[in-house]
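Here is a friendly walk through one structure, meant to be read with the viewer open beside it. Take a look around before reading on.

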2 protein chains.
Amino acid sequence: MQIKKEKKEIVWQNSQVTGVDRQALLGYQSLVLWFTGFSGAGKSTLAFALERRLVTHGINCSVLDGDNVRHGLNRDLGFSPLDRSENIRRVAEVARLMIDAGLIVITSFISPYREDRAMARSIIGAEKFFEVYLSTALDICEQRDTKGLYRKARSGELPCFTGISSPYEAPEDAELSIDTSMRSVDACVEYLLQTVINHCSLK
Amino acid sequence: MQIKKEKKEIVWQNSQVTGVDRQALLGYQSLVLWFTGFSGAGKSTLAFALERRLVTHGINCSVLDGDNVRHGLNRDLGFSPLDRSENIRRVAEVARLMIDAGLIVITSFISPYREDRAMARSIIGAEKFFEVYLSTALDICEQRDTKGLYRKARSGELPCFTGISSPYEAPEDAELSIDTSMRSVDACVEYLLQTVINHCSLK
């Protein structure tokens, strides 16, 4: 990526609010739950169900969803490896801004490349990055085909489709793995809620 | 801007948490305070002082600062009119994601073009967009020259510098105008705090 020459004139401005101040205000520490997995693995379903559960529990949070972000911030990006990488970079930067504001952030992106997820971990900071691998097998995701995308990918209508015509590199060291074909949505959400509660030192 | 072909395959995913749910959780409505004005007009100083004041008052908020965002999300952008426009577009999209999460957002960007600020208003939604024009005169900003940038711009070292070699289009319909040469930082912050309290229906 090109870093512009004027960069040296750009001076970091410090906030007068620390992470400790935020935690005192909100009662919990911020965190990014980074969901990764095939299309149809259950990322968006779980992300939005968990958001609902967290808010009911008094915890403010935000879902950054792949499809939604591609309608807004990343509408200029496609699905080539370079564009996928830039997609993940921008989302990681936004997640970092949000955890600085004290939010629990749930990201829902296929994020198929290990290198890109490592970049996200680095941008966000390892101590705030919690990788959740939705390990639901490809054939089950294809059977579900909730959006009809696998059918289109098989017919060649959709190029660069993860699992069919584009690779998926499974995590080797995710903080959590969930196979959504083995548990109900409610069970997954309760498990994730407890994980957030344990990890974020809620009062 | 190019919108990629795969766009039609991208389906908006609805959150199960409404703005009303967020307001019930937090006790206030979200809002973007969009600061605009010359370099040296006091944008970052006021933004961070207001952030500190709001958090002390129990209101969660986030500052999106021009220099900071150019270290992260927008590090690939320079200062040409096209890059400035993309800078503002991305910041407006991030601000929208943040107000959807219930935050008060304070943006601190020169944002010199009317068209770009109108774009930001449109992305964020007019009812959540509160434009704050820091109307401090150019000669006063140049006298302050806190970062030494005007000197560099006058010597030709910095191209495309707003007010010297690049235009600034003053707002015609800002929700608020503040000349920071006429009031203390504390007075400005108190005024802005009251504005947020009145506008966001705080309990």
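## A starting note

Please keep in mind that this is a predicted model.

## Helix α8 of chain A

Which residues of α8(A) are buried? They are A:Cys188, A:Val189, A:Leu192 and A:Val196. These residues sit on the same side of α8(A), because they cover an arc of only 95 degrees around the axis. As background, an α-helix has 3.6 residues a turn, so residues three or four places apart point the same way.

The buried residues of α8(A) have cover from several elements of chain A, including β1 (31-36), α2 (43-56), β3 (104-108) and β5 (176-178). On the face turned away from the buried side, α8(A) carries the exposed residues A:Asp186, A:Ala187, A:Gln194 and A:Asn198.

Why does A:Asn198 count as exposed? It has 9 other C-beta atoms within 10 Å, and the cut-off for an exposed residue is 12 or fewer. For a sense of distance, A:Asn198 and A:Glu172 are 26 residues apart in sequence, and their C-alpha atoms are 23 Å apart in space. After α8(A) comes A:Ser201, which has a positive phi near 50 degrees.

β4(A) pairs in the parallel sense with β1(A) over five bridges. In β4(A), A:Tyr133 is the residue that stands opposite A:Thr36. β4(A) also pairs with β5(A), again in the parallel sense, over three bridges. Here A:Leu134 has A:Ile178 of β5(A) as its bridge partner.

Over in chain B, β2(B) is largely enclosed by the rest of the structure, because five of its five residues are buried. Both of its faces are covered: B:Cys61, B:Val63 and B:Asp65 lie on one side, while B:Ser62 and B:Leu64 lie on the other. The parallel partner of β2(B) is strand β3 of chain B (residues 104-108), over five bridges. Within β3(B), B:Ile106 stands opposite B:Val63.

Most residues other than glycine have a negative phi, and most peptide bonds are trans.

| Residue | Phi | Loop in chain B |
|---|---|---|
| B:Cys160 | positive, about 55 degrees | between α7 (149-154) and β5 (176-178) |

Is B:Ser111 buried or exposed? It counts as buried, because it has 28 C-beta neighbours inside 10 Å. B:Cys160 has 16 C-beta neighbours inside 10 Å and so counts as partly exposed.

## Where the chains meet

Finally, step back to view both chains. How many residues of chain B are in contact with chain A? There are 50 of them, and they are in contact with 50 residues of chain A. On the side of chain B that touches chain A, α1 (19-26), α2 (43-56), β2 (61-65), α3 (66-71) and α4 (81-100) of chain B each supply at least two residues. The largest share, six residues, comes from α4(B). By class, this side of chain B has 22 nonpolar, 13 polar and 15 charged residues.

How do the copies relate to each other? Chain B is superposed on chain A by a rotation of 180 degrees with 0.0 Å of shift along its axis, at an RMSD of 0.0 Å. The two copies are thus related as by a two-fold rotation axis. Of the interface residues of chain B, 100% are also interface residues in chain A, so the copies meet through the same surface.

Methods
Residues are numbered from 1 along each chain as its sequence is written. Chains are lettered from A and ligands numbered from 1 in the order in which they are written. This is a predicted model: local features need pLDDT of at least 70, side-chain atom pairs count only at pLDDT 80 or more; totals for chains, interfaces and linings use all residues. A residue is buried if 20 or more other C-beta atoms lie within 10 Å of its own, exposed if 12 or fewer, and partly exposed in between; C-beta atoms are placed from the backbone. Helices (H or I, at least four residues) and strands (E, at least two) are DSSP runs, numbered from the N terminus. The arc is that of the directions from the helix axis to the C-beta atoms. Two residues are in contact if their C-beta atoms, placed from the backbone, lie within 7 Å. Ala, Val, Leu, Ile, Met, Phe, Trp, Tyr, Cys and Pro count as nonpolar, Asp, Glu, Lys and Arg as charged, and the others, Gly among them, as polar. Copies are superposed by least squares on the C-alpha atoms of residues with pLDDT of at least 70 in both. Two strands pair if DSSP finds at least two bridges between them.
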